[in-house]
Amino acid sequence: MTTLDDRTSSLTGPTVADVSGPSRLAEPDETISAEELRLAARNHGIPLEALRYDVTPAGLHYLLIHYDIPELDPETHTLTIGGAVDSQLTVTLADLRERPRVTRQVTLECAGNGRALLHPRPVSQPWLVEAVGNAEWTGTPLAPLLREAGVDPDAVDVVFTGADHGVERGIEQDYQRALPVADALRDEVLLAYEMNGAPLLPQHGAPLRLIVPGWYGMAHVKWLHSIELRTEPFEGYQNAVAYRVRRDADDPGVPVTRIEPRALVRPPGFPDFMSRRRVLRQGPCTLDGRAWSGHAPVVAVEVTTDGGRNWAQAELDPGDAGDAGDFAWRRWRHEWVATPGRYVLGARATDASGRTQPVEQQWNRGGFANNMVQRVEVVVPAE
């Protein structure tokens with residue numbers, strides 16, 4: 001990784017850093033910028049009506065691409081495991097397919113989900129609440145390969161490198177993230193080559209990606225080509241700078257890791273084109289949605305129809321039934337009788353660790369792990 005902050009070079013031409021500005025906060029009355037619109041057009045969230053699917057279709061799953069989608073040939077692609085190991089391993093996709101095959105349902109959520117709702121707004125990908133999806137990922141467990149390579153007893157971090165390359169905040173880099181050795185050796189961590197029963201799509205990391213159940217999306221490195229074990233903590237940009245919860249620019253912050261509990265409402269009725277406010281007919285209505293957490297299984301969801309003044313317990317579908325497992329979202333539902341008026345719907349999840357969604361979010365400079373309760377505006381017209 002090369003830092004380009006030093007502008008004292010004797011070169012007279014521009015440097016790579018000249019295309020990459022520092023992080024900043026939006027001014028109080030600043031609207032979404034052209035750069036943010038470009039990011040929002042390139043990336044996309046799940047349409048909230050797609051919360052009806054237990055497994056999110058690949059084309060509806062949220063998508064965040066830091067740099068460019070690399071061009072990789074699955075026939076020649078290899079994965080190298082090296083660094084602090086007894087012996088380096090290099091495996092092909094065909095080699096991985098011959099290993100034990102596992103399919104897991106895993107909910108992925110972008111660490112910046114909800115960022116655009118904060119005040120002041122961190123200027124970056126302007127997520128509202130839609131940066132989530134729940135897919136079936138198929139691959140082979142990572143831990144056996146690490147053990148086969150022979151993990152050095154002094155190793156502390158496992159660094160995963162993708163083939164996507166770019167510049168971020170003045171630093172030219174391949175996308176890299178690290179996990180502590182103990183987390184990388186969890187049984188549920190996968191080297192995935194299929195999504196929803198089909199080969200990975202290019203935008204979802206083809207031909208190979210990492211799946212780290214329970215962690216925010218930045219840990220699920222796409223276009224994976226190398227794994228390196230290190231005996232010192234990894235200080236790469238995406239670990240040490242980008243994905244940290246900090247109060248201000250000088251705060252070293254704490255790393256973003258596991259997904260905070262969240263519930264989303266599948267908006268009822270039908271929408272206004274521009275505002276997305278919902279119009280709902282009078283009468284009985286089943287409100288429903290999905291809830292998830294990366295810390296522990298969701299054990300309760302509460303629903304409000306009056307913007308958080310009052311809450312009612314929702315019914316949860318079984319979370320441990322079938323093939324879903326502990327890292328997939330759970331459906332919830334609540335029966336409501338809609339009468340004429342204006343309403344603000346929301347839902348909040350509580351997990352088995354005791355974590356509950358806040359109604360008002362604690363602010364942080366990067367807009368990370370923002371799980372405040374969603375607001376869905378609904379109008380029930382008089383007939």
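A residue counts as buried when its relative accessible area is under 20%, exposed when over 50%, and partly exposed in between, with a 1.4 Å probe and protein chains only. Strands are DSSP runs of E with at least two residues, numbered from the N terminus.

This is a predicted model, where local features need pLDDT of at least 70, side-chain atom pairs count only at pLDDT 80 or more, and totals for chains, interfaces and linings use all residues. Residues are numbered from 1 along each chain as its sequence is written, and side-chain values use heavy atoms, leaving out hydrogens and water.

Let's start with strand S6 (residues 157–168): nine of its 12 residues are buried, so the rest of the structure largely encloses it. Its pairings (at least two DSSP bridges between two strands) look like this:

| Partner of S6 | Sense | Bridges | A residue pair |
|---|---|---|---|
| S7 (residues 171–180) | antiparallel | nine bridges | Val158 and Leu179 |

Two residues sit between the strands in the S6 and S7 hairpin, where Arg169 has a positive phi near 50°.

Now the core, meaning buried Ala, Val, Leu, Ile, Met, Phe, Trp, Tyr and Cys residues joined through side-chain atoms within 4.5 Å. The largest one has 70 residues, and Phe160, Leu191, Leu210 and Ile227 make the most contacts inside it. Strand S8 (residues 190–195) is its top contributor, with five residues. A separate core of 20 residues includes Ala314, Leu345, Ala349 and Val380.

As for Leu191, its contacts (heavy atoms within 4.5 Å) beyond four places in sequence include Leu79, Leu96, Leu210 and Ile227.

Note on methods:
Helix = DSSP H or I, 4+ residues; strand = E, 2+ residues; numbered from the N terminus.
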